[in-house]
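Dear colleague,

I am handing over the structure we spoke about, and my notes on what was found in it follow directly below. Please read them with the model open beside you.

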Amino acid sequence: MIVAEQKPFQEIYESVREHQNLLILGCGTCVTVCMAGGEREVGILANQIRLAAKEENRKMEVLEHTITRQCDEEFFDSTVSSSIREADAVLSLGCGVGVQHIVELFDEVPIHPGLNTQFFGANLQQGLWGERCAGCGECVLDTYEGICPVARCSKSMMNGPCGGSSNGMCEVDPENTPCAWQLIIDRMTKLNKLDKLMENQPPKNWSRDRHGGPRRTQREDMTL
Ligand code: SF4
Ligand code: SF4
């Protein structure tokens, strides 16, 4: 899922404090699961903003709404579409994709982001998420037996480890980040496939990644 965290309250409040009629729009998918932008967070943030406005003697009406997915037009029904058009501005608690999708659908309304979108990750334990995929566009997990060197090695090394791997940890963050290449070697050892690492992997084709410019996917069989 896409992992995000809420921006600091003061940053959010500064971006919306001039509006008199604000709609806070949550998203019911990834950012609900990572507890950054679901219905619950919309409610808490709405109360914080109301209180802050009251302290400043500002007249501000704050409406709350959460839809299933901000990145999919089908979930913008007539109720939420009217609320968006009637608002002075929308504070989106969706990821960066959701924010931009609302901009595309309602280009006459100012849209403010309430989250910092971080990565594609997995829930590792209560309250902890870790990056697992960088959306490189050409998955090489098979070569590395299911451990991603693109997302999990700090240098995205296709042939590793580098000289900074120590006690199984990455030199970039030795307290918290396991060396991806240690994980790859451990995994290959467990599967009795260490020989696989004798093959030198060629440079990755980064044109399929973000570095090749904005991407799009079209499924001919799904296109109307
Ligand atoms: S190789 Fe690319 S697509 Fe596969 S998990 Fe890593 S970043 Fe994601
Ligand atoms: S220590 Fe490991 S994870 Fe860190 S940059 Fe080097 S090879 Fe990559």
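Strands here are DSSP runs of E with at least two residues, helices are runs of H or I with at least four, both numbered from the N terminus, and two strands are taken to pair if DSSP finds at least two bridges between them. Strand 4 is also joined to strand 2, by 4 bridges and again in parallel, with L23 standing opposite V90.

Before going further, please note that this is a predicted model, in which local features need pLDDT of at least 70 and side-chain atom pairs count only at pLDDT 80 or more, while totals for chains, interfaces and linings use all residues. Residues are numbered from 1 along each chain as its sequence is written, and chains are lettered from A and ligands numbered from 1 in the order in which they are written.

The chain is divided into domain 1 (2-118) and domain 2 (135-204), with bounds that come from an automatic or database domain assignment, and the C-alpha centres of these domains lie 38 Å apart. Strand 6 (residues 115-125) and strand 7 (residues 128-133) run antiparallel and are joined by 5 bridges, one pair of opposite residues being A122 and G130. These two strands form a hairpin with 2 residues between them, and G127 in the turn has a positive phi of about 80°.

I24 is in contact (C-beta atoms, placed from the backbone, within 7 Å) with V42, L45, A46, V62, E64, L91 and L93, leaving aside neighbours within four places in sequence.

V99, in helix 5 (residues 96-105), counts as buried because it has 23 C-beta neighbours inside 10 Å; the cut-offs, with C-beta atoms placed from the backbone, are 20 or more others within 10 Å for buried, 12 or fewer for exposed, and partly exposed in between.

Both ligands have their surrounding residues listed, a residue being near if its C-beta atom, placed from the backbone, lies within 6 Å. Around ligand 1 are C133, A134, G135, C136, C139, V140, L141, C148, V150 and A151, a shell with 9 nonpolar, 1 polar and no charged residues. Around ligand 2 there are 15 residues, of which C153, P161, C162, C170 and C179 come nearest, and this shell divides into 9 nonpolar, 4 polar and 2 charged. In these classes Ala, Val, Leu, Ile, Met, Phe, Trp, Tyr, Cys and Pro are nonpolar, Asp, Glu, Lys and Arg are charged, and the others, Gly among them, are polar.

Finally, some backbone details deserve a look. The peptide bond from G160 to P161 is cis, with omega near 0°. N57, in the loop between helix 3 and strand 3, has a positive phi of about 55° although it is not a glycine, and N57 is exposed, with 6 other C-beta atoms within 10 Å.

Note on methods:
Contact = placed C-beta atoms within 7 Å.
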